[in-house]
Structure formats: structure tokens, C-alpha cells
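Open the model in your viewer and keep the sequence panel beside it. Each stop below says what to select and what is there.

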Amino acid sequence: MTTTAADVTLPELKALCDFAAHEALVRDTLGATLAEPVARVRFLARYTNWNGYFGSGVAGFAGKIGRCRSIFLDPAEPVQALADRSVYVASFFFDAARDEFDDRDTVHRDTHRCLAQAALKGFIQAGAAEAAALQDPAQLNALCATPDWLNAVCANVAAGYGVGSPDTAQAVFHSIGYHLGSELLADREFSIIDETLREKAGELVQQLKATRIAIAGQEHVAYQWIAIHSGHGGGAEADHFDWASQGARLAYRFTPPEQHAGLKESLHAGFQAFAADHRKFFTQVNIAA
């Protein structure tokens, strides 16, 4: 089967960065960190902090796409008032936001942010018997504080999803690329976190699966956040990537073919921007300050 400029393929995206190097970086970063209670909590505090901005990012991005009525037009519809398809395109990106704000796999209103906080609190409680630093709120606040480099990476998430950029086709496709990068790389990183925890702290994983943590008036299984995102569990990131790929194909479909080469460059640049943020996070996450 031949591909066109309007196709978004895994080989195409994987050629934009060294996936093997990214995976090796994640494995190397997590190897010793997840075996020790204090380092494990510091990592999870920073990881849940960074990760928590993506749901709001993709929700805002869906709105950004929806506003672009003059950009995403059905060439088969000559009546202008009937031709805009921006909200239809946006709906495939909003699918990810639905999960972020209320996970579809549970009957309760489990936002992914609440699930992440339940995971962090579960790890804190489980490690407190081994580490005095996890028993004292002042020491915990210092351990979980956000360093300047992480504030910068988190700010990049907003920019990556189009905050402050114009509602143009180039800006939207750049953000599509950023989102595709976040979903594709996150699927592997969650799976590696899960694998490493099972290898380094298998009893802890079983304990967390049996632990319920109250957040915002709702009890959450402490390991649920990791489980649903890992490729060994719910595979949420893989699902989100599939939806985003469909949205990208529709975005090309409803833009003029003569623009596709330039829009593909914008998409690729956005993907590489996320890859740079991903590399920065995992390079610096274990630095104490």
C-alpha cells in the first residue's frame, strides 16, 4: 500500500527521533530510582507533576482546533456554512481529554490527575515505614517541590498544545505533532515504569493494587494510574495515539493538498519538540535540586 502526504505512520514518526535511545534513557533513569523509597517518591512527584498538564493541554487544544472553521473545510461541500469540519477533527483529540477528566474504564469520576495523586500518596504511605522523610509533611513538601527546570518543561506543555500561538493551520499541525509525540513516547515510558516496579518492588506493586486512597471524596486504587497507562494494562496512551492519528489524517483531508508538505513539516517539528522535552525530563528528573 502506498502512502501519501496525508498519512501519519509509525515509521515516519519514529524516524524523527532515536526511539531506542529514548527507551534506554527511561530504563537507565528508573533502574535504581524505583528501588528506593525516597528516590521513588521524588521521581513520582515530578512525573505526576509534569504528566498532569497534558490533560488540560489536549482539552484546550481541542477547543483551538474547533475554532479553526476557515481552515478545516470539506472540499465536497460548496455551501460555506455547511463546509467547516473543525469540530469533527477536534473530536478525535478530545477523546483523550475525556479520559483525562473522567476515565472511561471506571464507574466513578476518576480524573487522571486524581488517579496520579492517589498513586503518589500510595507510594508515600507504603514507603513511610522505611524512610522517616516520608513521614514528615515539611520534608515531603521539600522532596516533592518543583525545581526550576521542571517548571520550564511544564510550561513547554502549554506552548506545545498551542497556548499563545495563533489559530493557524501551521500552529495547529505543530501541536498535533506535539500531542502525537506525547502519546507515542508515554505509552512506552509507562510500560517501562510498570516493568521496573514489578522487577524491583514486586511486593509493593501487589500492596498498591490492594490499597485504596481517598482523593477528592472518592477512593482510588493506588496502582490504577500506572496500570491503565501501561501497555500491560489498559493501554490508555496507545488508544489516545490511535485517536490522534485519525484526527491528523482528517486534518489533512480537510486542508488543501498543496499545503500538505508544509503542514507535515510543522507536524514533524511539533513531534520533535516533545521529544526534546521528554529527553530533558528523564535526563534531569533524578537530580536532587
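Buried means under 20% relative accessible area, exposed over 50%, and partly exposed in between, with a 1.4 Å probe and protein chains only. Helices (H or I, at least four residues) and strands (E, at least two) are DSSP runs, numbered from the N terminus. This is a predicted model, in which local features need pLDDT of at least 70, side-chain atom pairs count only at pLDDT 80 or more, and totals for chains, interfaces and linings use all residues. Residues are numbered from 1 along each chain as its sequence is written, and side-chain values use heavy atoms, with hydrogens and water left out.

**Stop 1: the hairpin**

Select residues 212–215, strand S1. Ile-213 and Ile-215 make up its covered face. Arg-212 and Ala-214 make up the uncovered one.

Two strands pair if DSSP finds at least two bridges between them. Look across from Ile-215: Gln-218 in S2 stands opposite.

Now the turn. S1 and S2 form a hairpin with two residues between them. Pick Ala-216, in the loop between S1 and S2. Most residues other than glycine have a negative phi. Ala-216 counts as exposed because its relative accessible area is 73%.

A salt bridge is a side-chain nitrogen of Lys or Arg within 4 Å of a carboxyl oxygen of Asp or Glu. Both partners are partly exposed: Arg-212 at 45% relative accessibility, Glu-219 at 43%.

**Stop 2**

How many salt bridges does a search of the whole structure find? It finds ten.

Select helix H2, residues 19–33. The side chains of Arg-27 and Glu-23 meet in a salt bridge at 3.3 Å, N to O. Arg-27 and Glu-23 are four residues apart in H2, so about one helical turn separates them. An α-helix has 3.6 residues a turn, so residues three or four places apart point the same way. Arg-27 is partly exposed at 35% relative accessibility, and Glu-23 is partly exposed at 28%.

Next, select Asp-167 and Arg-67. Their salt bridge has its closest N and O atoms 2.8 Å apart. The pair links distant parts of the chain, 100 residues apart. Asp-167 is in the loop between helix H8 (148–160) and H9, while Arg-67 is in helix H3. Asp-167 is partly exposed at 35%, whereas Arg-67 is exposed at 52%.

**Stop 3: along helix H3**

Select residues 37–67, helix H3, and find Arg-42 there. Is Arg-42 buried or exposed? Arg-42 is buried, yet has no salt bridge. Lys and Arg count as positive and Asp and Glu as negative; His and the chain ends are not counted. The nearest side chain of opposite charge to Arg-42 is Glu-36, 6.6 Å away. Contact means heavy atoms within 4.5 Å. Leaving aside neighbours within four places in sequence, Arg-42 is in contact with Leu-143, Asn-286 and Ala-288.

Move to Tyr-53, also in H3. Tyr-53 is partly exposed, with a relative accessible area of 42%. With neighbours within four places in sequence left aside, its contacts are Cys-154 and Val-157.

Step on to Phe-54, again in H3. Phe-54 counts as buried, at 10% relative accessibility. Not counting residues up to four places away in sequence, Phe-54 touches Val-157, Tyr-161, Tyr-178, Ser-182 and Phe-274. For a distance check, pick the C-alpha atoms of Phe-54 and Ser-230: they are separated by 16 Å, and the residues are 176 apart along the chain.

**Stop 4: helix H9**

Finish with residues 169–200, the 32 residues of helix H9. H9 is mostly covered, with 25 of its 32 residues buried. The expected span of a helix is 1.5 Å times one less than its number of residues. For H9 that should be 46 Å, and the end C-alpha atoms are 46 Å apart, which agrees.

Centre the view on Ala-186, where H9 has a kink of about 25 degrees. The bend at a residue is the angle between axes fitted to the seven residues ending there and the seven starting there.
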